[in-house]
Amino acid sequence: MDKCIGSRIHIIMKNDKEIVGTLLGFDDFVNMLLEDVTEYESTPEGRRITKLDQILLNGNNITMVCTNKTMCCIKLFGSITLLHK
């Protein structure tokens with residue numbers, strides 16, 4: 001994940017929200033700080049898109065992190081597993 005700092009990442013949260021932003025940093029618990037963020041949420045009315053300057057994500061609520069089209073990191077039970085396509 002260190003190599004992903006400064007890169008655009010796509011995150012899927014446990015509540016099925018999807019978040020895309022530039023990774024500024026993270027800690028041992030995979031809490032993440034992102035900037036230039038777009039949040040996508042499915043609602044009964046349709047897809048809601050929210051733009052944010054920054055967001056701090058709780059690592060306990062992250063299901064999957066994709067760093068680009070060829071590499072995904074899946075967060076399972078507090079650890080990170082790298083998957084290559």
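Arginine 8 stands opposite threonine 22 in strand 2. Strands here are DSSP runs of E with at least two residues, numbered from the N terminus. The model is predicted; local features need pLDDT of at least 70, side-chain atom pairs count only at pLDDT 80 or more, and totals for chains, interfaces and linings use all residues. Residues are numbered from 1 along each chain as its sequence is written, and side-chain values use heavy atoms, with hydrogens and water left out.

Strand 1 (residues 8–13) and strand 2 (residues 18–26) run antiparallel and are joined by five bridges. Two strands count as paired if DSSP finds at least two bridges between them. Four residues separate the strands of this hairpin, and aspartate 16 takes a positive phi near 70°. Strand 2 also pairs with strand 3 (residues 32–43), again in the antiparallel sense, over seven bridges. Phenylalanine 26 stands opposite methionine 32 of strand 3. Five residues lie between strand 2 and strand 3 in their hairpin. Valine 30, in the turn, has a positive phi of about 60°. Strand 1 has a further antiparallel partner in strand 5, with four bridges. In that pairing, isoleucine 12 stands opposite methionine 64.

Ile9, Ile11 and Met13 form the covered face, whereas Arg8, His10 and Ile12 form the uncovered one. In a regular strand the side chains alternate between the two faces of the sheet.

The largest nonpolar core has 14 residues. Such a core is a set of buried Ala, Val, Leu, Ile, Met, Phe, Trp, Tyr and Cys residues joined through side-chain atoms within 4.5 Å. Buried means under 20% relative accessible area, exposed over 50%, and partly exposed in between (1.4 Å probe, protein chains only). Ile9, Ile11, Ile19, Met32, Leu34, Leu57 and Ile62 touch the most other members. Strands 1, 2, 3, 4 (46–57) and 5 (62–66) each give two or more residues to this core. Beyond its neighbours within four places in sequence, isoleucine 19 has contacts (heavy atoms within 4.5 Å) that include Ile9, Ile11, Leu34, Val37, Ile55 and Leu57. His10, Met13, Thr38 and Glu39 are also among them.

Threonine 43 lies in strand 3. With a relative accessible area of 19%, threonine 43 is buried. The side chain of threonine 43 reaches the backbone oxygen of glycine 46 at 2.5 Å.

Cysteine 4 is buried at 10% relative accessible area. Cysteine 66 also counts as buried, at 18%. The count of disulfides (pairs of cysteine sulfur atoms within 2.5 Å) comes to zero.

How values were computed: Polar contact = N/O pair within 3.5 Å; in protein donor to acceptor, adjacent residues only side chain to side chain.
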